[in-house]
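Here is a short report on one protein model. Please look over the sequence and the structure before reading on.

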Amino acid sequence: MATLTRRHAILAATATLFARPVFAQAPAAPTGPFTLPPLPYAPEANEPHIDAQTMTIHHDRHHAAYVGNLNGLVKDHSQVAAMKLSDILAKINEMPEAVRTGIRNNAGGHANHTMFWQVMGGKGGAPSGAVADAITRDLGGFDKLKADFNRAGLTQFGSGWAFVTVDKAGKLAILNRPNQDTPLMAGERVLFGNDVWEHAYYLKYQNRRADYLAAWWNVVNWDEITKRYAAAMAGTLDI
Ligand code: MN
């Protein structure tokens with residue numbers, strides 16, 4: 001009953017949101033409102049595990065395309081264009097039907113890659129502190145996390161992602177999602193994730209996704225993940 005009531009309230013709020021006339025709002029510029037964040041390190045920072053050419057194409061073309069597509073999709077939907085990316089994803093099922101699938105794919109792609117660049121560029125190794133404690137408590141330790149996470153990535157048929165999610169109590173979970181879906185669409189928060197689309201590894205690893213998944217741990221940035229974990233517990237982790 002509580003769920004039905006809440007759903008009714010959400011639907012009512014959504015109806016109000018999209019019933020509002022859109023007069024007096026300038027059309028969104030084709031280059032905005034969403035922007036491609038720069039890679040936080042040089043493209044070769046993840047060599048030899050992830051090659052510079054893959055990083056450049058992945059960021060400058062694939063991620064850029066998601067951002068460009070998203071801007072195009074919201075161009076005639078100014079109320080969506082004014083929303084935060086994380087709010088769009090949390091309300092993905094309330095997006096205007098004509099652009100909902102496109103927004104799902106491209107807002108998801110924008111969020112997933114924004115997170116992805118942040119959690120790479122490191123030296124791998126093992127986590128420490130609160131993150132290590134949570135991994136031991138919730139995921140059976142670092143070795144088991146790597147095995148289970150790699151299995152989640154390997155068994156994601158076709159394109160998609162493996163994620164570790166974190167709730168506000170700091171509890172971790174491993175899951176995978178197809179395409180550019182993200183746990184943010186289910187109101188969850190992503191501690192980190194790995195892209196298992198072929199464009200993430202094909203130049204260097206071809207069809208050997210398992211080798212890519214194993215090598216990826218060498219570039220994980222545990223300092224950044226530790227900051228994301230603290231932000232999740234503070235309720236400030238956004239993307
Ligand atoms: Mn990708």
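Which residue in β2 does W161 stand opposite? The model behind the answer is a predicted one.

## The sheet

W161 faces R177 of β2. The two strands, β1 (residues 160-166) and β2, pair in the antiparallel sense, and 7 bridges join them. Strands of a sheet pair through backbone hydrogen bonds, either parallel or antiparallel.

The sheet is open and has 3 strands, ordered β2-β1-β3, with antiparallel pairing. β2 (172-178) and β3 are the edge strands; each has a single partner, so one side of each lacks a neighbour in the sheet. On average, neighbouring strands are turned by 25° against each other, direction ignored.

## A residue in β1

V164 sits in strand β1. Is V164 buried or exposed? V164 counts as buried, because its relative accessibility is 1% and the cut-off for buried is under 20%.

V164 can also be placed relative to P183. The two are 19 residues apart along the chain, and 9.3 Å separates their C-alpha atoms.

H199 is at 18%. The cut-off for buried is under 20%, so H199 counts as buried too.

## The second largest pocket

Rolling a probe the size of a water molecule over the atoms shows where empty space is left. What is the volume of the second largest pocket? The value is about 170 Å³.

The lining of this pocket includes V166, D167 and K168. G187, E188 and R189 also line the pocket. So do A232, G235, T236 and L237. By residue class, the lining divides into 3 nonpolar, 3 polar and 4 charged residues.

How values were computed: Residues numbered from 1 in each chain as written. Predicted model: local features only at pLDDT ≥ 70, side-chain atom pairs only at ≥ 80, totals over all residues. Heavy atoms only, no water. 1 Å grid on protein atoms, 1.4 Å probe; cavity = no way out; pocket = protein on both sides within 12 Å on 5 of 7 lines; lining within 4 Å. Points joined across faces, edges and corners; volume = space filled by probe spheres on them. Nonpolar A, V, L, I, M, F, W, Y, C, P; charged D, E, K, R; others polar. Buried < 20%, exposed > 50% of the residue type's maximum accessible area, 1.4 Å probe, protein only. Pairing = 2+ DSSP bridges. Helix = DSSP H or I, 4+ residues; strand = E, 2+ residues; numbered from the N terminus. Axes fitted to C-alpha atoms, helices over the stretch in contact; angles between N-to-C directions.
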